[in-house]
Amino acid sequence: MMGRVDSMTGKITDIRQGLTSKDEYPSLDEGDWIDVEDRLILPGLVDAHVHLNEPGRTDWEGFWTGTRAAVSGGVTTVVDMPLNSIPPTTTVNHLEQKRNAAQGQCWSDVAFWGGVIPGNQSHLKPLVGAGVKGFKCFLIESGVEEFPCVTEKDLHLAMQEIQDSSTVLCFHAELETGILSASTITSNPTLYDTFLSSRPQQLEVDAIRLITTLHAQYPSLRLHIVHLSASSALPLVRAAKASGLPLTVETCFHYLTLTAEHIPHGHPEFKCCPPIREESNREELWQALQDGSIDCVVSDHSPCVAALKKLDTGDIMNAWGGISTLGLGLSLLWTEGRKRGISIGKIIQWTSIKTAKHASLDDRKGAIKVGYDADFVIWDPDAEIKVTKESLNFKNKVSPYEGLTLSGRVEQTYLRGHLVYDQAKGFAEQPVGGIL
């Protein structure tokens, strides 16, 4: 495949299929010709679920470190969640504070989600006008006081406000019903089973039942389930989709690659909410991806300072719940996917094309097409990478993947035609990412 990029706009101007040589383009300078040999050219990934945490919790993660980690893994666009920054992205003023903090720091392009919290419904339309790609809310406490969960009454107010817009409302779909038992509370907090039993699949089932019931009352509004982990909720998802409701669903790299049976006790680096579940559950998620019940795959990169992970005590119950994955997702998914006969083309559907569509970026991102941003990745599917602490590019180098050997490696990442990461040489001299 041969392509041309406009150096001024960073847009793809021409694509030609088949093999070609530089001799056919004598006007090109040597530095403007890229020969990928037997490697693959992939569209840049669009990670539609990332917590960059700046401003306010930049010691957890920030635009500089988070977007460097992204491009090292072929992610050319991230969509930042409205928490855990201070302030959260729940008003236009807060959005501007976040955009100002991001200026000059972004190695990938960055877009933003807004947040729905109790009482902020009057801010939602202005946020849409200011450019947020949609909204996220929690049906269970988020873990940070600046972003409280919503009630059914709050959701009616928000959905009435935005139902006639082209935006999307995303749900952290766990519904607190008092199901946490006394026996769980008093169980050993270092045992992964203790944590797993505290967040059973039923929390997700109950939440998605509420969401789909509400959706029938606001059928023109796009709704989206973030980080689905419970396969038992899939019948509700399939029924809603079959009825014609505009519902989409994502799952995460960690739910597709890790299993509860293999998580050692006393290792809070594996904690996330909802939790990583059993092997049988993982296989049902893979099947749902393949049949279209689940639409896309994201990282939910949610880091924190090491002290909050309680690594010294192994206290899983009281550790921060979040897994750091930026930079590893494509290799993780390829490592597991090829065992199941999944093509790299299908993986790009889940991580680029459909994530771009979900975030309303599919007019310029997620595919290699004339008129689109020249965001692409040179990918070696046969290379291996060993995950070490030193190889991690995000700020707090705590990862459940440390020590694994993964298949597939990003050799180079280009953002709007600019080389921003080279596996052999490192990062470009300056970031060129923009605010979308």
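Helix axes here are lines fitted to C-alpha atoms over the stretch in contact, and angles run from 0 to 180 degrees between N-to-C directions. Helices (H or I, at least four residues) and strands (E, at least two) are DSSP runs, numbered from the N terminus. This is a predicted model, in which local features need pLDDT of at least 70 and side-chain atom pairs count only at pLDDT 80 or more, while totals for chains, interfaces and linings use all residues. Residues are numbered from 1 along each chain as its sequence is written, and side-chain values use heavy atoms, leaving out hydrogens and water.

**View 1. Helices α7 and α8 side by side.** The axes of α7 (residues 201-215) and α8 (residues 234-242) come within 9 Å, crossing at roughly 15°. The two helices are therefore roughly parallel (angles under 35 degrees). In this contact (heavy atoms within 4.5 Å), V205, I208, R209 and T212 of α7 meet L236, V237 and A240 of α8.

**View 2. The largest cavity.** A cavity is a set of points on a 1 Å grid over the protein atoms alone where a 1.4 Å probe fits but cannot get out, and lining residues have an atom within 4 Å of a point. This one has a volume of about 80 Å³ (the space filled by probe spheres set on the points). Among its 16 lining residues, L45, D47, V75, F253 and G329 are the closest to its centre. Strand β4 contributes the most to the lining, with three residues.

**View 3. The second largest cavity.** Have a look at this space of about 50 Å³. Its lining includes E269, C304, K309 and N396.

Definitions and conventions:
Parallel < 35°, antiparallel > 145°, perpendicular 65-115°, else oblique. 1 Å grid on protein atoms, 1.4 Å probe; cavity = no way out; pocket = protein on both sides within 12 Å on 5 of 7 lines; lining within 4 Å.
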